Amino acid sequence: MPNAPRGLPLSAGRPQIGIGGCQISDRARELVLQVLDSNRLSAGPMMDRFERMIAAAHDRRYGLMCNSGTSALQIALQALKEIGGWADGDEVLVPAITFVATANVVLYNGLRPVFVDVDPDFYEIDPAQIERHVTPRTRAIIPVHVGGLPCDMGPIMEIARRRRLRVIEDSAEAMFVRYKGKPVGSFGDVACFSTYIAHLISTGVGGLCVTDDPEIEVLLKSIMNHGRDSLYTRIDDDEGKSGDSLLEVARSRFSFVRLGHSFRATEMEAALGIAELERREETTRRRQEVVARMTRGLESWKSFIQLPRSRPEAEDLRMFFPLRILDSRIVRDDLIRHLEDRSIETRYLLPLINQPVYRSLFGDLEPRYPVAAMLNRTAFYVGSHPAMSDEDVDYVADCFADFFRAL
Ligand SMILES: Cc1ncc(COP(=O)(O)O)c(C=O)c1O
C-alpha cells in the first residue's frame with residue numbers, strides 16, 4: 001500500500017472531502033441581509049421565529065437559542081440543578097462515548113459525571129448498563145443521540161421515571177428523527193441542539209434548548225443572560241409597557257438574581273438557521289442519498305468494517321458516517337493515514353474517557369468500560385453530508401477499497 005509522507009496528498013489538487021460542508025443558499029443571503037437592514041442584531045424577530053420553528057419540529061412548547069450546543073447543555077443542567085436543589089458533587093450519568101462537552105458541562109456545574117458504557121452496534125448509552133451506576137446521589141441522565149441516530153429512549157425514560165432522574169437529551173448531533181413516532185428532543189425535561197458547522201442545521205455557531213416546562217424556560221433565559229431577572233432578558237421586553245409595569249422592567253434591566261453567563265447569539269445566526277430549516281426536505285433527501293450510496297459502496301467490505309446500523313424502532317438522519325474496524329489486521333491509524341493522505345477528513349468516534357484531561361481527573365477508566373475502550377481503539381468517522389457529490393462518495397468508497405485490497 002503506498003504511503004505518502006504527511007502533508008503531501010496523494011490526490012494532490014483534490015479539495016478535501018470534509019466531515020461537513022457549507023452551502024450558503026440565496027435564501028440565507030436574503031435573510032441575513034434583512035437582518036443587516038433592520039439594524040437589529042441582538043435577539044429579535046428572526047430568533048423568535050427560529051426558536052418557534054425548532055420547538056415545533058420537535059413537538060415542544062418552548063425553544064431558546066444561545067451561542068453553542070455546549071452553552072445549551074450548560075444552562076440546561078444549571079437550571080435543573082437550581083430547580084432540584086442539587087448539591088455540588090451530585091451525580092449525572094453520561095455515556096462513555098460522546099463529544100467532550102457533554103461531560104465538561106457536568107463538571108462546570110459542580111456535579112460529577114458518572115460514565116455508562118455504550119452499545120457496540122449503535123455507539124450510544126446502553127440502557128442495560130445504566131442502573132448499576134445509579135446511586136442515592138444520581139440526579140440525571142444525559143443520553144446522547146450520536147451522529148443522528150436516536151438513543152434507545154424507551155428503556156432510558158422508563159429507568160428515569162422509576163429512579164426519579166431528570167433527563168437532558170444531548171441532541172447536538174440529531175434533529176427531526178423519530179423514535180417510535182416521537183421526535184428526538186421531545187423525551188427529556190430539556191433537549192439541547194448544536195448548530196455548529198457540519199451539524200444537521202448549521203448557523204456557524206449556535207445552540208438551542210427545547211422544553212415543555214415554563215419554569216425551566218424562564219430559568220434558561222435568565223441563566224444565559226447573566227442571571228438577569230427574567231422580566232427583562234431581551235431588549236424589547238419593555239415594548240408596549242408604560243407606567244408602573246414599564247418601571248418594573250426598567251428596574252429589572254440591571255437586576256441579577258443568580259449567577260449567569262453571557263451566552264447570547266445574534267439575529268444573523270438565527271437567519272441562517274431559518275434558511276436551513278426552510279430547505280430541510282431537500283438537504284435531508286440528499287443526506288439520505290449520500291448515506292445510501294456510501295453504504296452500497298462499502299457493503300462488500302463489511303467483514304473489515306462495521307457499517308452504520310439503524311435501530312428498527314427509529315429513523316436516522318446521519319450527521320456523519322461512523323465506522324468500526326472489525327478485522328484485527330487493520331491498524332486504525334494506518335487506514336486513517338491512507339484516507340487523510342487522499343484528502344478525506346476523518347475523526348475518531350467521540351473518545352472521552354481516554355482523553356488526557358479525563359485521565360488526569362478520573363484515572364484509567366477504560367478497564368471498566370470495555371465497549372468504549374474498544375471503540376476508542378477501533379472507531380472513527382468520515383463525512384456523509386449534502387454538499388458531497390456522487391463522485392465524492394464513490395471516491396471515498398474507492399479509497400477504502402484500495403486500502404482493503406492491499407491488505
Ligand atoms: C454530542 C455533542 N454534544 C455537544 C456538542 C457541543 O456543541 P457546540 O460545538 O455547538 O458547543 C457537540 C458538538 O459537536 C456534540 O457533538
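Predicted model: local features only at pLDDT ≥ 70, side-chain atom pairs only at ≥ 80, totals over all residues.
1. The axes of helix H1 (residues 26-38) and helix H9 (residues 267-278) come within 8 Å of each other and cross at roughly 150°. That angle makes H1 roughly antiparallel to H9, since anything over 145 degrees counts as roughly antiparallel. The crossing of H1 and H9 is right-handed.

2. Now look at the side of each helix that takes part. From H1, the residues are Arg27, Ala28, Leu31, Val32, Gln34 and Val35. They meet Glu267, Met268, Ala271, Leu272, Ile274, Ala275 and Glu278 of H9. Sorted by class, this contact of H1 with H9 holds 9 nonpolar, 1 polar and 3 charged residues. If you wonder about the spacing of such numbers, an α-helix has 3.6 residues a turn, so residues three or four places apart point the same way.

3. Helix H10 (residues 280-298) and helix H14 (residues 390-405) have axes that come within 9 Å and cross at roughly 30°. H10 and H14 are therefore roughly parallel to each other, the cut-off for that word being an angle under 35 degrees. The crossing of H10 and H14 is right-handed.

4. Which residues make the contact between H10 and H14? On the H10 side they are Val290, Arg293, Met294, Gly297 and Leu298, and on the H14 side Asp390, Val393, Asp394, Val396, Ala397 and Phe400. This contact of H10 with H14 has 7 nonpolar, 1 polar and 3 charged residues.

5. Next, find the ligand. There are 14 residues around the ligand, and Ser68, Gly69, Thr70, Ala172 and Ser194 come nearest. Helix H3 (69-84) and helix H4 (100-108) are the elements that give two or more residues to this shell. By class, the shell around the ligand divides into 5 nonpolar, 7 polar and 2 charged residues.

6. Asp126 deserves a point of its own. You will find Asp126 in the loop between strand E3 (112-116) and helix H5 (127-130). Is Asp126 buried or exposed? Asp126 counts as buried because it has 22 C-beta neighbours inside 10 Å, and 20 or more are needed. Setting aside neighbours within four places in sequence, Asp126 is in contact with Val116, Asp117, Val118 and Asp119. Pro155 is 29 residues from Asp126 in sequence, and their C-alpha atoms are 9.6 Å apart in space.

7. Finally, turn to helix H13 (residues 370-378), where Ala372, Leu375, Asn376 and Thr378 are buried. The buried residues of H13 pack against strand E11 (321-325), helix H11 (332-340) and strand E13 (379-382).

Notes
Residues numbered from 1 in each chain as written. Buried ≥ 20, exposed ≤ 12 C-beta atoms within 10 Å, placed from the backbone. Helix = DSSP H or I, 4+ residues; strand = E, 2+ residues; numbered from the N terminus. Contact = placed C-beta atoms within 7 Å. Axes fitted to C-alpha atoms, helices over the stretch in contact; angles between N-to-C directions. Parallel < 35°, antiparallel > 145°, perpendicular 65-115°, else oblique. Left-handed = near helix turned anticlockwise from the far one by under 90°. Nonpolar A, V, L, I, M, F, W, Y, C, P; charged D, E, K, R; others polar. Near = placed C-beta within 6 Å.
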